[in-house]
Amino acid sequence: MEEVNQAKRPDRVLSGMRPTGYMHLGNYHGALKNFVDLQSQYDCYFFVADWHALTTAYDETHTIEEYSREMVVDWLGAGLLPEHCTIFVQSKVPEHAELHLFLSMITPLPWVERVPTYKDTIDALQEKDLATYGFLGYPVLQAADILIYRAERVPVGTDQSAHVEMSREIARRFNEIYGRGTDFETSVMGLLEDHGQAFKNDFLACHRGFREGGSQEALEEGLTLVSSSTSLTRRQAEVLEGYLRGTGRVILPEPRALATETPLVVGLDGRKMSKSYGNTIQLRDKPEVIEQKVSRMQTDPARVRLKDPGDPAKCPVYTWHEIYLDEAQREWAANGCRTASIGCRECKQPLIEVINEEQTLFRERAEPFANSPEKVRQILEDGSEKARVIAKETMTEVRSAIGIANA
Ligand code: SF4
């Protein structure tokens, strides 16, 4: 019964964040806000990527536990609901490491060396020791994180689709190498037997039409037959699809990117908002702190005196107006700036109010968890246990496909 229901579930979404500090507005608009939206539309799994934190800071482990907990408090404050999504910790599901190991055996070295962020990060973090095997291999660990849950969708910002592409390539290679075991045909026939003679006949006719006659129409018809069947589980459908296409068994389905529009949030000094630049507003900053931070935020340098006109396009504050304010307020600010009819302090005021309003809600929702680490621990324990059930199922299939004994 359970299996039939799985066929009807919404796509599974997987995403994680490294626990490298308290969450700020850049993290919120760059990813977390999207998590909150997705949780009601998909079967979402969000994880604390604590092993990934080691790839760039293997010698700064003293903060990982605290940051992991506080990050989850921020997630809950922002509106993630454990009853709507699964929140867990990567290191509590050790199967990630096992799959990472198997995938590292089949991933060609040039694939990881050519990842654009590899060299960019080394250049950006010159003070860090990134000449490690772990840092080079982080895209493979990332692939394992995704593939172990057979996630269909991975939310990515506009410039991050390369990460998902790498996971797709690794999955494809794995399936090509290990998906053609001798028992494949037998298991397909067993599956067809279980789904009635009519279904079996129709499916095999499509299979013959495509594989022997090369008919694209027969392929489409077969795929529709499989996808519209209400009695096949998602895994069973994947097996039949692999047989139909001739690609073999799909052990690790290829995920697809779920493109999201995420604004780049600048920091108080006009550079990208980042903890390492010390230019952030944290999600649980108090109203007086927010007011003080926004008040000192950089503006168009041309506006030295009140009567000097400015240009909103040159003002970091105005990029926040575009995120937070409605059209009428934006127009008021832009006109006021260009005509010098308002001062920067006045221009910032509606921003302070709207950020405060939003963050008051975040603080209120976060408070019961911030005051009770036990509640957070329980959420993570429950989520990790749930995630591990799927991870274990995948690994049983992975080991058996490779030919490594399942003890
Ligand atoms: S008036 Fe507003 S948009 Fe213009 S420089 Fe000042 S803060 Fe920026």
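Guide: What follows is a conversation about a predicted model, taken one topic at a time.

Visitor: How do you know how confident the predictor is in this chain?

Guide: The predictor gives each residue a pLDDT on a scale from 0 to 100, and in this chain the average is 90, with 96% of the residues scoring at least 70. The highest confidence in the chain falls in strand S3, at 98, while the lowest falls in helix H1 (residues 2-7), at a mean of 42. Over residues 1-7 the pLDDT is below 50, and beyond near neighbours in sequence this stretch has ten contacts in the model.

Visitor: What makes up the chain as a whole, in helices, strands and domains?

Guide: The secondary structure comes to 19 helices and five strands, and the C-alpha atoms fill a box of roughly 80 × 45 × 45 Å along the principal axes. The chain is divided into domain 1 (2-179 + 254-263 + 372-402), domain 2 (184-245) and domain 3 (284-369), and the C-alpha centres of domain 2 and domain 3 lie 58 Å apart. Of the contacts with a separation of 6 or more, 77% are between residues 24 or more positions apart.

Visitor: Why is arginine 150 called buried?

Guide: A residue counts as buried if 20 or more other C-beta atoms lie within 10 Å of its own, and arginine 150 has 23 such atoms within 10 Å, so it is buried. Across the chain, buried residues make up 37% of the 407 residues.

Visitor: What makes alanine 340 partly exposed?

Guide: The partly exposed class lies between the limit for exposed, 12 or fewer neighbours, and the limit for buried, 20 or more; alanine 340 has 15 C-beta neighbours inside 10 Å, and therefore it counts as partly exposed.

Visitor: What is to be said about phi at arginine 150 and at alanine 340?

Guide: Most residues other than glycine have a negative phi. Arginine 150, which is not a glycine, has a positive phi of about 50°, and it lies in the loop between helix H9 and strand S4. Alanine 340 likewise has a positive phi, near 55°, and its place is in the loop between helices H17 and H18.

Visitor: Why is helix H9 described as largely enclosed by the rest of the structure?

Guide: Ten of the ten residues of H9 (residues 138-147) are buried, so the helix is largely enclosed. Among them are Tyr138, Val140, Gln142, Asp145 and Leu147.

Visitor: How do you know that strands S1 and S2 pair?

Guide: Two strands pair if at least two bridges are found between them, and six bridges join S1 to S2, so the pair qualifies, and the two run parallel. Within this pairing, serine 15 stands opposite phenylalanine 46 in S2. Six of the six residues of S1 (residues 12-17) are buried: Arg12, Leu14 and Gly16 point one way from the strand, and Val13, Ser15 and Met17 point the other way.

Visitor: What makes S3 a strand with both faces covered?

Guide: Cys85, Ile87 and Val89 lie on one side of S3 and Thr86 and Phe88 on the other, and all are buried. S3 pairs with strand S2 (residues 43-48) in the parallel sense over five bridges, where phenylalanine 47 stands opposite phenylalanine 88.

Visitor: How many bridges join S4 to S5, and in which sense do these strands run?

Guide: Four bridges join S4 to strand S5 (residues 256-259), and the two run parallel; valine 156 has alanine 259 in S5 as its bridge partner. Arg153 and Pro155 point one way from S4 and Val154 and Val156 the other way, and all are buried.

Notes: Residues are numbered from 1 along each chain as its sequence is written. This is a predicted model: local features need pLDDT of at least 70, side-chain atom pairs count only at pLDDT 80 or more; totals for chains, interfaces and linings use all residues. Domain bounds come from an automatic or database domain assignment. Two residues are in contact if their C-beta atoms, placed from the backbone, lie within 7 Å.
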